[in-house]
Every structure is written in structure tokens, then in C-alpha cells.
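Colleague: Could you walk me through the ligand site in this one?

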Amino acid sequence: MKTRIAVLPGDGIGPEIIREAVKVLKAVESKFSHNFEFSEALVGAIAIEETGNPFPDETYHLCKSSDAILFGAIGDPKYDNNPKAGVRPEQGLLAMRKKLGLYANIRPVTTFPSLLDKSPLKKHLIEGVDFVMIRELTGGIYFGELRGRTEDGTKAYDTNVYSKEEISRVTKLAFEYALKRKKKLTAVDKANVLATSRLWRETIQDMEKDYPEVEVEYMFVDNAAMQIITWPKRFDVIVTENMFGDILSDESSVITGSLGMLPSASVGLQTSVFEPIHGSYPQAAGKNIANPLATILSAAMMLDSLGLMKEAQAVRAAVDASLAEQVVTEDIATGKAYKTSEVGDWIAGYIAKNSF
Ligand code: IPM
Ligand code: MG
């Protein structure tokens, strides 16, 4: 059976890290005798340059007709430094999420034994950290239609809008994750100030009775930001709205020691997208130094979602081995730093040579 994988490298380091993830997937394909078909498409700044649209229809159609989507990163300083730009690369990512109905972004946060000293946090605080951040991805302030500036240009506004339906579908997924894990759900909001947060809290409170085994706690986002750093082991599953999840997931990544380690899956109504949580890291683009592990681990999440658990485990085992052997890029190296492509070669080679 053929598995169709849409490959969207995007901008900055996107093409380099995606190349390594595809290399690893090809190693899996031959090791386990699968038939993967990879098709590339444009998204982000590069898509704007070539088509004028950060998420062209052609890309959308490829995504829709694929079994899974592997995505790199988007963003370009050219647009970041120009607040007046009419079209922005990030709109491509937001459009992809919206059009594919990807309402939940799943970001597992775990530590890696060989990286404990790389974290800015103390070892005893982070050893054994294992939680999942579930971020609502197609609603909230990133999508509020009422946005803009007053006529004189001196005031700007965005609106944060959530419906009960949007809240309950992502929370249902979070409850299901909690059931499979330590059965603890932390709902993060700002219900002491925001009307949307009060709707989140009310909706989740109503759902509690359907999941009597799950212990639910409610936490204000400012407190959560503090507790993720001071006591990360207390968390099992966190569910939160779009912007809070965006910020807290970057914060969570420092626990691991590098933003280059955390994978994610975005799931919803159509084909799922697998992407590293980090961005396009333009300063490193083209230098072959970016850490490809978050993307390779995102490919492992993709294999899981395709029902290929043994294959996903093989990828994770190969990543663990590369960490243990210190075949890693400069962000996490203590000794020699390897190039992006060397790390990918090593991991693909490990899969080819070992049995799982
Ligand atoms: C992420 C990114 C994106 C987001 C940006 C690039 C729009 O930061 O996936 O977290 O905020 O969702
Ligand atoms: Mg982000």
C-alpha cells in the first residue's frame, strides 16, 4: 500500500531539517518494506515569492489528497521587520491550519537523559519530565476577524473569539490523552480577566462528568508560566487556547535543553501535519548547523499516526542512540558539533543497520 506524504519545507532552515527527516523516513521505508511517496509543495515566504500566496491552492490540494503532511518552518526577517507588509509568510501556516481544520496541536515535552545538563533548569527539577501540551490551533486571537487599526492609525485591535464547540472538541482530545496517561488535566486560562477564558472554564467544567477518572485542575496562565519552569514534573496533560499554548510551548522547550528537540502533531478534520515546534531560524539558514531532531521526531509522530508504531519506535531509538553517542548539532553538543546532514546520515544509517 502506498502512503502519500506531502512535504512542505518552507523557509529558513525548513529545507535543511526536512531533508534529514525525509532521509530518515526513506531509511524506514526500505528497512520495513513500505512504499512512501513524497511530494513537495510551497508554503511561506518562498511561496509568496513564487506565487504571491503563502499557502497556494496547489499546496492545499496536495495536502488534502495526502495521508500525512511533513512541514518544516516558515518566516523571513524581511517580513518581520516590515510591519506594513500586506502578505506575510505566517499567514500561510495559519491558512493551512484553518483550511485543513487542524484544531489541535499536540506538543509532547520530555527530557532526554544525555541533555539534562544542557537545560538552563536544575537537573533534579527536569529529570523525568513528561507532559503533553495541547494547544487549540484554529481559533482565538490569531483568527479573530475583527482586527485592524483606527482610521488615524494610532490604535490597533485584535479580537479573541471562541465558541463552546471549538473549546469542547480540543478538550475532548485532551481528556482522551489524559486517560491514556497519568489521568491529570490542567486547563490553562485567564478566567479572572477574560470572557473567553470563562467560557473555556465553564465548558471544561461541564465535560468533567464524562471523564470521572481524570483529575482536572484549572490554572491561570501567568501561574502556569511560572510552574512550568519551577515544577514541570507536576504536569501530565495541559490544554489551553491558541496564544497561551503558543507561548507556553516555547517556554516548555527550554526544559529539554534546546528548542531544536520538540516535535508536534497538528490534528483535526483532515490530513494531519507534523512539524517541529521551532521556527525558521533564519540566522542559521543554509549553514547546515540546525538541529534536525525535532523534525525527525515529528516524522516519528507521523509514523505513529499512520499506525506504524514499530517504525516510529525505530526512529526514536535511533535518535536516542545519536544523543547517547553525541552525534548532535552545535546547539546541544558538548564536544564535537556535527552538521545537520551528518546527524541525518547517522540516524538513517542506524535504522538501516539495526533490527528493531
Ligand atoms: C508556532 C509558530 C506559529 C504560531 C507562527 C509562525 C505563526 O510560532 O507554530 O508555534 O504562532 O502558531
Ligand atoms: Mg510558536
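Modeller: A residue is near a molecule if one of its heavy atoms lies within 4 Å of it. The residues around ligand 1 are then E90, L93, R97, R107, R135, Y142 and D246. This is a predicted model, where local features need pLDDT of at least 70, side-chain atom pairs count only at pLDDT 80 or more, and totals for chains, interfaces and linings use all residues. Residues are numbered from 1 along each chain as written, ligands are numbered from 1 and chains lettered from A in written order, and side-chain values use heavy atoms without hydrogens or water.

Colleague: How far is an oxygen atom of ligand 1 from the polar side-chain atoms of R97, R107 and D246?

Modeller: Counting N or O pairs within 3.5 Å as polar contacts, the distance is 2.6 Å for R97, 3.1 Å for R107 and 2.9 Å for D246.

Colleague: Where does ligand 1 lie relative to domain 1 and domain 2?

Modeller: Ligand 1 lies between them, because domain 1 (1-102 + 261-275 + 282-356) and domain 2 (120-256) both contribute shell residues; the bounds come from an automatic or database domain assignment.

Notes
Polar contact = N/O pair within 3.5 Å; in protein donor to acceptor, adjacent residues only side chain to side chain.
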